[in-house]
Amino acid sequence: MKIAIYDTYDAMSKAAAELVAQQLAEKPASVLCVPSGDSPTGTLNYLVEWANEGKIDLSQCHFVGLDEWVGMDENDVGSCKYYLKHNFFDKLNTKLANVTLFDAKAADLDAECERINNFISSKGGLDIMMVGIGMNGHLGLNEPGTDFNLYAHHSALDPVTVQVGQKYFQQETKLTEGITLGLRHLSEAGKAVLIASGAKKAAIIHESLQGTVTTDIPASILQKLANAVILLDKDAASQLEHAS
């Protein structure tokens with residue numbers, strides 16, 4: 001894995017957007033996965049700005065959703081679909097040719113996972129899979145204990161995820177299960193990009209990137225991945241040994 005550390009969240013966000021821009025220049029029909037949540041907002045803002053100014057072309061690429069709370073869709077404030085719609089898709093002047101997101105209200109969630117797996121496979125895999133990191137080391141909704149070899153799957157949420165996830169909702173919301181791309185997708189992507197910012201992420205970043213590789217800390221898989229690019233602001237990197 002490669003680690004890059006930036007002075008500010010904005011600089012880190014711009015660097016992540018530049019990785020996407022470089023990928024699009026090389027392959028306009030790239031298959032991209034971007035996360036929802038606090039971490040990617042700056043990156044998505046740059047992509048929207050550059051696309052609307054004509055500096056990058058998003059019209060041919062394929063976007064795949066990273067994850068979703070089971071039982072929610074774009075009408076639920078706090079859902080991943082809602083976030084991507086309001087922070088990204090709706091802000092673009094051009095219509096995207098292909099957006100493939102989990103139907104977290106599907107009657108058969110296993111079949112839904114297979115649909116997403118088959119779509120990614122049919123496109124030759126993900127060119128970039130961008131993720132944030134949870135306070136418990138989860139990537140997407142790959143919760144502690146998740147097998148590194150799983151593709152898309154659904155599972156019960158870790159108590160930490162349930163607690164932290166409340167910040168996305170206007171009132172206390174029952175969260176029980178998540179549906180997500182798997183860590184196998186991350187290992188097979190052209191680039192596995194982790195973005196993280198803030199001192200509150202420093203301890204889990206240290207444990208994930210410099211601790212024991214274990215399914216108890218899903219993000220520790222990044223230590224094993226030659227395709228991993230880690231983009232941090234200096235606060236998130238503050239507990240790393242020999243950080244520069």
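Predicted model: local features only at pLDDT ≥ 70, side-chain atom pairs only at ≥ 80, totals over all residues.
User: Which residues that line the largest pocket are the closest to its centre?
Analyst: The lining of the largest pocket counts 34 residues. Five of them are named as the closest to the centre: Ser 36, Gly 37, Asp 38, Lys 167 and Tyr 168.

User: Which element gives the largest share of the lining of the largest cavity?
Analyst: The structure holds two cavities of 30 Å³ or more. The largest has a volume of about 60 Å³. Among the residues that line it are Cys 80, Lys 81 and Leu 84. S4 and H3 each supply at least two residues, and the largest share, three residues, comes from H3.

User: In the open sheet of three strands, why is one side of S4 and of S7 left without a neighbour?
Analyst: The order of this sheet is S4-S8-S7, and the pairing is antiparallel. Strand S4 (67-69) and strand S7 (153-156) stand at the edges, so one side of each has no neighbour in the sheet: each has a single partner strand.

User: What is the bridge partner of Asp 67 in S8?
Analyst: S4 and strand S8 (residues 177-180) run antiparallel and are joined by three bridges. In S8, Asp 67 has as its bridge partner Thr 180.

User: Which strands stand at the edges of the sheet of seven strands?
Analyst: This open sheet has parallel pairing and the order S1-S10-S9-S6-S2-S3-S5. An edge strand here has a single partner strand, so one of its sides is left without a neighbour in the sheet. That describes strand S1 (2-6) and S5.

User: How many degrees does the twist average from one strand to the next in the sheet of seven strands?
Analyst: The seven strands form an open sheet with parallel pairing. From one strand to the next, the twist averages 15°.

User: Which residue in S5 is the bridge partner of Phe 63?
Analyst: Strand S3 (residues 62-65) and S5 run parallel, joined by three bridges. In S5, Phe 63 is partnered by Val 99.

User: Is Thr 100 buried or exposed?
Analyst: Thr 100 lies in strand S5 (residues 98-100). Beyond residues up to four places away in sequence, it touches Phe 63, Val 64, Gly 65, Arg 115, Ile 116 and Phe 119. Buried means under 20% relative accessible area. Thr 100 has 7%, so it is buried.

User: How many residues of S9 are buried?
Analyst: S9 pairs with S6 in the parallel sense over four bridges. S9 is also joined to S10 by five bridges, again parallel. S9 is largely enclosed by the rest of the structure, because the buried residues number five of the six.

User: Which residue of S10 is the bridge partner of Ala 196?
Analyst: S9 and S10 run parallel. Across this pair, the partner of Ala 196 is Leu 232.

User: At what angle does helix H1 run to S10?
Analyst: Helix H1 (residues 9-26) lies across S1, S2, S6, S9 and S10. Its angle to S10 is about 150°.

User: Which element gives the largest share of the largest nonpolar core?
Analyst: This core has 41 residues, and Leu 126 is one of those with the most contacts inside it. Elements that give two or more residues include helix H4 (109-122), strand S6 (128-131) and helix H7 (202-210). The largest share is five residues, from H4.

User: How far apart in space are Leu 92 and Gly 124, C-alpha to C-alpha?
Analyst: Leu 92 is found in the loop between H3 and S5. Leu 92 is buried, with a relative accessible area of 9%. Not counting residues up to four places away in sequence, Leu 92 touches Val 48, Ala 51, Asn 52 and Leu 58. Leu 92 and Gly 124 are 32 residues apart in sequence, and in space the distance is 26 Å.

How values were computed:
Residues numbered from 1 in each chain as written. Heavy atoms only, no water. Core = buried A, V, L, I, M, F, W, Y, C linked by side-chain atoms within 4.5 Å. Buried < 20%, exposed > 50% of the residue type's maximum accessible area, 1.4 Å probe, protein only. Pairing = 2+ DSSP bridges. 1 Å grid on protein atoms, 1.4 Å probe; cavity = no way out; pocket = protein on both sides within 12 Å on 5 of 7 lines; lining within 4 Å. Contact = heavy atoms within 4.5 Å. Axes fitted to C-alpha atoms, helices over the stretch in contact; angles between N-to-C directions. Points joined across faces, edges and corners; volume = space filled by probe spheres on them.
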